[in-house]
Amino acid sequence: MKASILRSVRSAVSRSSSSNRLLSRSFATESVPERKVAVLGAAGGIGQPLALLMKLNPLVSKLALYDIAGTPGVAADVGHVNTRSEVTGYVGEEQLGKALEGSDVVIIPAGVPRKPGMTRDDLFNINAGIVKSLCTAIAKYCPNALINMISNPVNSTVPIAAEVFKKAGTYDEKKLFGVTTLDVVRAKTFYAGKANVPVAEVNVPVIGGHAGITILPLFSQATPRANLSDDTIVALTKRTQDGGTEVVEAKAGKGSATLSMAYAGALFADACLKGLNGVPDVVECSFVQSTITELPFFASKVKLGKNGVESVLDLGPLSDFEKEGLEKLKPELKASIEKGIQFANAN
Ligand SMILES: NC(=O)C1=CN([C@@H]2O[C@H](COP(=O)(O)OP(=O)(O)OC[C@H]3O[C@@H](n4cnc5c(N)ncnc54)[C@H](O)[C@@H]3O)[C@@H](O)[C@H]2O)C=CC1
Ligand SMILES: O=C([O-])CC(=O)C(=O)O
């Protein structure tokens, strides 16, 4: 019985494995396990398209959409899509517990976005408090869920979440993820353009953190391999590091990346669900508790399994340019991590 369930899960999951298929398939999934996903900040710029993409994911059986305003409308709208999951909207703090209860994965895009001229760290004062209160509720209502932290500054909000969970006695480092998938998505797109290779075949690990120079794409490990000049690699690295700012400036005061972020968030949540369901060899880059450098949190390739992080993979060989980038990013990343830890313990 168990083996046949696993076989059905594997085949359903492999049918939904590529990113394009994630967006286009809806099929009978009776033997796929029940999985509840909650999106906190579901009425926002990221939250709405992310809610739609999670509604299209056949691995989701219950989709809880929570925000401080506007979720009944989003839930009514998304709920009419004829796919597997049952959608419920929750609005206001008094409904947060119900939104979270029983969740397997909680995705957090709640908080303010950047405007031109701001850094992600400029969002700290508002978003740190939002993340802290949401994580306090998570510790109470779904302490075993995998957390996908999107709210910026990710380099600080992930350490804040860890401290909140530690204080509540529920911290499990295997279950807390900073979502850095958009950096990977960008690196793949930009590399494919320069290397003139099919983008769907491209893989590029991105390590470090999720702000400016802390984002370090490893183009020396990119596949399919291409013979790009040093200048091209430097330009690709900079464009990946500044990808968020490129969107913030193009939107000219109307926010930051929402559609590409929703896509990236949906890919990462899908990977988490596959890991939970026992699909083997699910590997994504994510900002997690880590011992591969001297920093307590670091983004790198992570193998996902039934309990979240199964293993944090080695960085692999770095070029001299990447080694230099790694040393340069450490002080900024360290300071952002410490800022988050201090905030969580002082407030
Ligand atoms: N990790 C990443 O790669 C990326 C992260 N982001 C970050 O995601 C966050 C959200 O961005 P957008 O969706 O564009 O912003 P938005 O302003 O469009 O939406 C944010 C939503 O959060 C809600 N919210 C505020 N306080 C809340 C609370 N206490 N509980 C629940 N919901 C709450 C708001 O009502 C709003 O609907 C920002 O911090 C942004 O910087 C954005 C792009 C990429
Ligand atoms: O740049 C921002 O503020 C939003 C973000 O994190 C990204 O797009 O990578």
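Reply: Helix α6 gives the largest share of the shell around ligand 1, namely 3 residues. Please keep in mind as you look that this is a predicted model. Two elements each supply two or more residues to that shell: β2, which spans 62-67, and α6, which spans 124-141. In total, 28 residues surround ligand 1. Gly45, Ile46, Asp67, Val112 and Asn152 are the closest of them. Sorted by class, the shell around ligand 1 holds 17 nonpolar residues, 10 polar ones and 1 charged one.

Now let's turn to the polar contacts of ligand 1. A polar backbone atom of Val112 sits 2.9 Å from an oxygen atom of the ligand. Asn152 uses its side chain instead, with a polar atom 2.9 Å from an oxygen atom of ligand 1. The side chain of His210 also takes part, placing an N or O atom 3.0 Å from an oxygen atom of ligand 1. As for cover, ligand 1 on its own has 860 Å² of accessible area, and the protein covers 85% of it.

Next comes ligand 2. Its surroundings are formed by Arg114, Arg120, Asn152, Leu182, Arg186, His210, Gly244, Ser256 and Ala257. By class, the shell around ligand 2 divides into 2 nonpolar, 4 polar and 3 charged residues.

In the side chain of Arg114, an N or O atom is 2.6 Å from an oxygen atom of ligand 2. For Arg120, the distance from a side-chain N or O atom to an oxygen atom of ligand 2 is 2.8 Å. Arg186 likewise has a side-chain N or O atom 2.8 Å from an oxygen atom of this ligand. The protein covers 95% of the 260 Å² of accessible area that ligand 2 has on its own.

Is Ala161 buried or exposed? Ala161 counts as buried because its relative accessible area is 0%, and buried means under 20%. Apart from neighbours within four places in sequence, Ala161 is in contact with Cys135, Met149 and Leu176. If you also pick out Ala271, 110 residues away along the chain, you will find 21 Å between its C-alpha atom and that of Ala161.

Notes:
Residues are numbered from 1 along each chain as its sequence is written. Chains are lettered from A and ligands numbered from 1 in the order in which they are written. This is a predicted model: local features need pLDDT of at least 70, side-chain atom pairs count only at pLDDT 80 or more; totals for chains, interfaces and linings use all residues. Side-chain values use heavy atoms; hydrogens and water are left out. A residue is near a molecule or strand if one of its heavy atoms lies within 4 Å of it. A polar contact is a pair of N or O atoms within 3.5 Å; within protein, one must be able to donate a hydrogen and the other to accept it, and residues adjacent in sequence count only if both atoms are side-chain atoms. Accessible areas come from the Shrake-Rupley method with a 1.4 Å probe; for residues, only the protein chains shown count as cover. Helices (H or I, at least four residues) and strands (E, at least two) are DSSP runs, numbered from the N terminus. Ala, Val, Leu, Ile, Met, Phe, Trp, Tyr, Cys and Pro count as nonpolar, Asp, Glu, Lys and Arg as charged, and the others, Gly among them, as polar. Buried means under 20% relative accessible area, exposed over 50%, partly exposed in between (1.4 Å probe, protein chains only). Contact means heavy atoms within 4.5 Å.
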